[in-house]
Amino acid sequence: MNKHPKKEKTFVAVKPDGIQRSLIGEMISRLEKVGLKLVAMKMLVADEDHIEKFYTLNPEWRRVTGEKTIAGYKSKGLKPPIEDPFEVTAIILENLKKYMASGPVIIMVWEGAHAVAIVRKLVGATEPLVSDVGSIRGDFVLDSYSMSDTDKRSVRNLIHASGSTEEAEKEIKHWFKPEEIINYRLVSEEILYDVNLDGILE
Ligand code: GDP
Ligand code: MG
């Protein structure tokens, strides 16, 4: 039998700039308020090797990210600096390693119905310049690919969230031991998921 949708989990990381900008509470608050449940959390300074393995958990990531980035330049009428997607990704990955290892990060697992899609919606698009108003990246940061490329650094977008349930499963395993993920009940789950709402009236 398939797992109930309320059991879906996603991996979230407050990136070093999110911590420096004093946005930890704001970000956690948004995920809490939508109804998701925090089931694991730690603060750490990641090493570059662990970060590289994290971004390349999906064997297709190098190709896909390179192709997406090249297409992004072309859609803006710009000539990509390099035509080979793997070379483009190599630069992105080097910058990402410096960015993600520059300070502490907070890593978390959030659980709830459609956790992956809901968190992506709250987080917003990758490039803050075009992230929707109301999303975390749209509301709290003003970076762009053109500025980060000019400065030869990663785009600073405050937070990471898994892009799919398959990605979430791999990412959670990469950062957490199974015993670090806590199974527990929140009282608010009754109002979100109970079928008959029969425990309210006295
Ligand atoms: P996310 O899931 O929204 O964080 O985005 P992706 O998984 O697609 O990309 C991972 C990271 O790669 C992003 O946070 C960026 O740092 C970088 N990246 C992705 N696409 C581009 C791009 O078009 N240009 C540049 N410079 N970096 C990119
Ligand atoms: Mg991603």
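What distance separates a polar side-chain atom of R137 from an oxygen atom of ligand 1? The distance is 3.1 Å. This is a predicted model, in which local features need pLDDT of at least 70, side-chain atom pairs count only at pLDDT 80 or more, and totals for chains, interfaces and linings use all residues. Residues are numbered from 1 along each chain as its sequence is written, chains are lettered from A and ligands numbered from 1 in the order written, and side-chain values use heavy atoms, without hydrogens and water.

**View 1. Polar contacts of ligand 1 (N or O atoms within 3.5 Å).** Besides R137, the side chain of R120 places an N or O atom 2.8 Å from an oxygen atom of ligand 1. On the side chain of Y145, an N or O atom is 3.3 Å from a nitrogen atom of the ligand. Ligand 1 taken alone exposes 550 Å² (Shrake-Rupley method, 1.4 Å probe), and the protein buries 90% of that area.

**View 2. The shell around ligand 1 (residues with a heavy atom within 4 Å).** Of its 13 residues, K68, R120, T126, R137 and D149 come nearest. At least two shell residues are supplied by each of α4 (61–75), α5 (85–100) and α8 (145–150); helices are DSSP runs of H or I, at least four residues, and strands of E, at least two.

**View 3. The aromatic pair F11 and F54 (ring centres within 6.5 Å).** Six aromatic pairs are found in the whole structure. F11 and F54 form an edge-to-face pair (planes over 60 degrees apart), with 5.7 Å centre to centre and 70° between the planes. F11 lies in strand β1 (residues 9–14) and F54 in helix α3 (residues 48–55), so the pair ties together parts 43 residues apart in sequence.

Note on methods: A polar contact is a pair of N or O atoms within 3.5 Å; within protein, one must be able to donate a hydrogen and the other to accept it, and residues adjacent in sequence count only if both atoms are side-chain atoms. Rings of Phe, Tyr and Trp (its six-membered ring) pair if their centres lie within 6.5 Å; planes under 30 degrees apart count as stacked, over 60 as edge-to-face and the rest as tilted.
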